[in-house]
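Trainee: I would like to go through this model with you. Where do we begin?

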Amino acid sequence: GGFNSNSGGISINDIAVQNDGKIIVGGSFDVYNGNLLNNIARLNPDGSLDQSFLTGLGFGPDNYGPRVVNTICLQTDGKIIVGGNFMEYNGIPTFNIVRLNPDGIVDQNFSSGSGFDGYINTLSVNTAGKIIVGGAFSIYNGNSTNCVIQLNDDGTIDSGFNIGFGPDGIVKTIAIQSNGSLLVGGDFANFNGTSRNKITRLSPTGTNDPSFNIGSGISGISFPTVNRIVIQPDGIIGVAGQFSNYNGTS
């Protein structure tokens, strides 16, 4: 019984637990318990490596500089979306985003084309199956998009989602409320020209929600930022990052 990882790697940035109890981990590691695994692995519930998860070469080798997995998102059909800073997966070119089948093989039904020109920090899937992506990018598959984008299930851009100019800084976290609204946090001071200091709420179509009143927002230190937003079952919103004040309250 129990859980024994024995030896891990350098760092883990995200963990996703499947319905069967298996655990997908992603980060900047190369090795797990003596096995060469570039940035992603799936573990059995007891911590042993799941050898049926066929990652091959993973997100290596380092032909294009540093590589890292920042975020893992599970779809209801068992497919796995992975985002970060990488240029290939198991020898297949894929630019900062890839979707895997449950066995770890690349899902050819998801086409990101030339992908993102910058790294991804956060991935979510809403109840309609749309994929919401946030990070430090300005282009997706040749189209301008500023740090936030919504994709259809096949990887094409959802034209019904429009953020305008978007944020003036990096997006680090996105959480979906029960009504489909998006809570977005990061390093920005404005979102689509409106003062939204490090946090905002977007409607399901991407517009700022003026009823979400953050006042002066997140502040209090030299470089405040929101790193993570979580929503409790009762709807209460938890915000974590580097700050000492919210709307003037310590």
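Trainee: What share of the contacts with a separation of 6 or more comes from residues 24 or more positions apart?
Mentor: This is a predicted model, where local features need pLDDT of at least 70, side-chain atom pairs count only at pLDDT 80 or more, and totals for chains, interfaces and linings use all residues. Residues are numbered from 1 along each chain as its sequence is written, and side-chain values use heavy atoms, with hydrogens and water left out. Contact means heavy atoms within 4.5 Å. Of the chain's contacts with a separation of 6 or more, the share from residues 24 or more positions apart is 40%.

Trainee: How many helices and strands does the chain have?
Mentor: Both are DSSP runs numbered from the N terminus: helices are H or I with at least four residues, strands are E with at least two. On that basis the chain has zero helices and 24 strands.

Trainee: Why does the radius of gyration agree with a compact globule?
Mentor: The radius is taken over C-alpha atoms, and the globule rule is 2.2 Å times the number of residues to the power 0.38. For 250 residues that rule gives a value near 18 Å. The two agree because the chain itself has 18 Å.

Trainee: Is asparagine 121 buried or exposed?
Mentor: Asparagine 121 sits in strand β11, residues 120-125. Buried means under 20% relative accessible area, exposed over 50%, and partly exposed in between, with a 1.4 Å probe and protein chains only. Asparagine 121 has 19%, so the class is buried.

Trainee: Which side chain makes a polar contact with the side chain of aspartate 158?
Mentor: Aspartate 158 lies in the loop between β15 (148-151) and β16 (171-176). At 11% relative accessibility, aspartate 158 counts as buried. Its side chain also has a polar atom 3.1 Å from the backbone nitrogen of glycine 160. The side-chain partner, at 2.7 Å, is glutamine 150.

Note on methods
A polar contact is a pair of N or O atoms within 3.5 Å; within protein, one must be able to donate a hydrogen and the other to accept it, and residues adjacent in sequence count only if both atoms are side-chain atoms.
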